[in-house]
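Here are some friendly notes to read alongside the model. Take them one at a time, and keep the structure open as you go.

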Amino acid sequence: MDKKSDDFYVGYIGKSQQLRNFYQTLVPLIVLLVLGALFWILSSQENSAGGFWDVDRPIKLTGKLVTKPYPTLITQHQSEHGFRSVMIVGEGKDAASAWAKPFDAMHVSITGNLIHAGGWELLEISSPDSIEVTQSSSTSVLPVKQPLSQVSIKGEIVDSKCFLGVMRPGEGKVHKACAGLCLMGGMPPILVVKNDSGQRAGYLLTTHENTSASRIVVPYVAEPVEVMGNVERYGDLLRLKILPNSIRRLSSEEKNNYGELLTYDADVPFICQAPLPG
């Protein structure tokens, strides 16, 4: 009797050549489809801050390093306020505070990858070897602190590294857990605000003693909040020095009036200089 054999898989019997050929075609096709879908999803997402992470183009910057409240390389610059401030961070969710501390107030060169949006700049470094002391022939001048006013401002607290270009999105409820871990690691926090036209800007948050506020603001990250403090200009940055126990979550009515999504609008650029409430 002639027997017609159909190809199907039985665990204890070896696969036929026909099945082998089928799977050799199917598996690479599935992998390509999955990779294509991932690429499409990632490429279609907008960065809420309009930021960039130059991960493939390391650069070297030279200036004077200050370590409080956050490690920052400061250079004189032909701009409105005469200075360029680049905050220094480590890889992943780690701050660079411990690496920068031995170089406080020194003139240095730092090599890393720039993260930037709207005039805000971070430089991600991989190790303390990324910092080198230089012999500068010019005298480095640091900005003078300029106290401005006491304010009460509504906005959303974000971790600067993700928001300025590393994550998409780098804000809002979907990013809350990641932002909390970044801030626990010491990333500089920013209070992002918007005006009536939807234009967004930010204040660098510090304690009232001008130390890091990263861990203090963790419970309030990625939520609509109101922060009370004193605004201080330091070069091209506006610092908001938080008064003790002065962060509060907005009520439901305030959220409705101000907007649940305080920062996200891909069509509106993120700018450096925050407005002062008038």
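1. A residue is called buried when its relative accessible area is under 20%, exposed when it is over 50%, and partly exposed in between (1.4 Å probe, protein chains only). Helices (H or I, at least four residues) and strands (E, at least two) are DSSP runs, numbered from the N terminus. Four of the five residues of strand 3 are buried, so this strand is largely enclosed by the rest of the structure.

2. Please remember that this is a predicted model, in which local features need pLDDT of at least 70 and side-chain atom pairs count only at pLDDT 80 or more, while totals for chains, interfaces and linings use all residues. Residues are numbered from 1 along each chain as its sequence is written, and side-chain values use heavy atoms, with hydrogens and water left out.

3. Now the overall picture. The protein contains five helices and 13 strands, and 44% of its 278 residues count as buried. A contact means heavy atoms within 4.5 Å. If you take the contacts between residues at least 6 apart in sequence, 74% of them join residues at least 24 apart.

4. How far can you trust each part? pLDDT is the predictor's confidence in each residue, from 0 to 100. The protein averages 81, and 75% of the residues score at least 70. Over residues 42–49 pLDDT stays under 50. Where pLDDT is low, the predicted coordinates should not be read in detail.

5. Back to strand 3 (residues 72–76) and its partners. Two strands pair if DSSP finds at least two bridges between them. Strand 2 (residues 59–66) runs antiparallel to strand 3, joined by three bridges, and the two form a hairpin with five residues between them. Lys64 stands opposite Ile74 in strand 3.

6. Which residue of strand 4 is the bridge partner of Ile74? That is Ser85. Strand 3 and strand 4 pair in the antiparallel sense over five bridges. Strand 4 (residues 83–89) has six of its seven residues buried. With strand 6 (residues 120–124), strand 4 pairs in the parallel sense over three bridges, and Val89 stands opposite Glu124 there.

7. Finally, look at helix 4 (residues 176–184), where Cys178, Ala179, Gly180, Cys182 and Leu183 are buried. These buried residues pack against strand 8 (146–159), helix 3 (160–166) and strand 9 (189–194). Just after helix 4, Gly186 takes a positive phi of about 105 degrees.
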